[in-house]
Amino acid sequence: MKESVSFKNYLELHFIVFLWGFTAILGKLISVPAVELVFVRTLLAASALALIIYFRKISFNVGRKAFIRMLGVGFIISAHWILFFASARVSSVAICLAGMSTISLWTAILEPIFTQKKIQAHEIFMALLIILGLYLIFRFEFDHVLGIVMAVVSALLSAVFSILNVRLVKTYRPAIISCYEMVGACLATALFFPVYARWFTDTGTINLALTWLDVLWLLILAIVCTVYPFTASVRLMKKISAFTVNLSINLEPVYGILFAYFIFKDSEKMSGGFYLGAVIILFSVFSHSLIERYLNRRYKLKAAPATPDTQPGTLVP
């Protein structure tokens, strides 16, 4: 049973979504390259989560098999974040967040593969709408093709680790899962360093020369935009329905694109075709959430037995 919810709870939820939308902006403000940025972010986040777990006296023991699985998911997260921040660097925050909006498309495609869920007709329709939106963005923002591709692949990886986490969260504490996944992401990034330095840098070296401003942005990114939103969103789920939380998260690219425009101004200006494509993608994401809500309500209505207090046609709360 959900606890009572207040306006303050909703305000905090939207603040969390804003913080997530702000990550791409921070990624563009930090001077070190995307790979080094992900390494430092995951190192700081893993350390902070480990301290939280320690002071809360939660056991770190999950078993070897689960530990390896969590580290593996962390490897996927590492690739996701590297592509995410690289997309914002080579194109723009708006392009990056528009590409990330395709997570719903990838989830609709991949979830039936990983689980027993059947393919839904409305999800196929929404996927086609997202493809149309991407087509418009590609057509009118051809100069940003690399950034769009990076963001779309990043969204694909995000969908993969989100689906994998559904199974883990049923058995293990979210803080433990997140901590070990941050460790895995940090380890994966470190293992990638030799290949990255040799083939993807001009100097053949790793650039960890952080300015004091970089340190400030990285602390905000790791603590304020990673550790805090995670723990707070889990706490709010006890009061606010999952539907409301997911619907609010769909506002992340909207917040990000708007604030990026005000912060970076001319560098974030896009063509009319981009905004049309982005609106189509966001419309499909919001519509998908509303349709899912409607179908779930219908399913509960059909599943509910007819009683004197609950006659057919009466919605069960």
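Reader: What share of the 317 residues in the protein chain is buried, and what makes a residue count as buried?

Author: Buried residues make up 44% of the 317 in the protein chain. Buried means under 20% relative accessible area, exposed means over 50%, and partly exposed lies in between (1.4 Å probe, protein chains only). This is a predicted model: local features need pLDDT of at least 70, side-chain atom pairs count only at pLDDT 80 or more, and totals for chains, interfaces and linings use all residues. Residues are numbered from 1 along each chain as its sequence is written, and side-chain values use heavy atoms, with hydrogens and water left out.

Reader: How many helices and strands does the protein chain have?

Author: Twelve helices and zero strands. Helices (H or I, at least four residues) and strands (E, at least two) are DSSP runs, numbered from the N terminus.

Reader: Why is helix H4 called largely enclosed?

Author: Eight of the eight residues of H4 (residues 93-100) are buried, so the rest of the structure largely encloses this helix. Among them are Val93, Ile95, Cys96 and Met100.

Reader: Why is asparagine 165 called buried?

Author: Asparagine 165 has 17% relative accessibility, so it counts as buried. Asparagine 165 sits in helix H7 (residues 145-169). Leaving out residues up to four places away in sequence, asparagine 165 touches Val73, Ile177 and Glu181. Contact means heavy atoms within 4.5 Å.

Reader: Why is leucine 164 called partly exposed?

Author: The relative accessible area of leucine 164 is 28%, so the label is partly exposed. Leucine 164 also lies in H7. Beyond its neighbours within four places in sequence, leucine 164 is in contact with Val73, Ile76 and Phe114. Leucine 164 and valine 73 are 91 residues apart along the chain, with C-alpha atoms separated by 7.5 Å.

Reader: What share of contacts in the protein chain between residues at least 6 apart joins residues at least 24 apart?

Author: The share is 87%.

Reader: How do you know that the length of helix H8 agrees with its residue count?

Author: H8 (residues 174-199) has 26 residues, which at 1.5 Å a residue should span 38 Å; the end C-alpha atoms are 36 Å apart, so the two agree. The expected span is 1.5 Å times one less than the number of residues.

Reader: Where does H8 bend?

Author: At phenylalanine 193, by about 40 degrees. Proline 194 follows within four residues. The bend is the angle between axes fitted to the seven residues ending at a residue and the seven starting there.

Reader: What makes lysine 57 exposed?

Author: Its relative accessible area is 76%, so lysine 57 is exposed. Lysine 57 lies in the loop between helix H2 (34-55) and helix H3 (64-90). Lysine 57 is not a glycine, yet has a positive phi of about 60 degrees.

Reader: Is tyrosine 10 buried, exposed or partly exposed, and why?

Author: Partly exposed, because its relative accessible area is 33%. Tyrosine 10 is in helix H1 (residues 7-29). Tyrosine 10 and leucine 236 are 226 residues apart in sequence, but 8.8 Å apart in space, C-alpha to C-alpha.

Reader: Why is valine 224 called partly exposed?

Author: Valine 224 has 32% relative accessibility, so it counts as partly exposed. Valine 224 is placed in helix H9 (residues 212-236).
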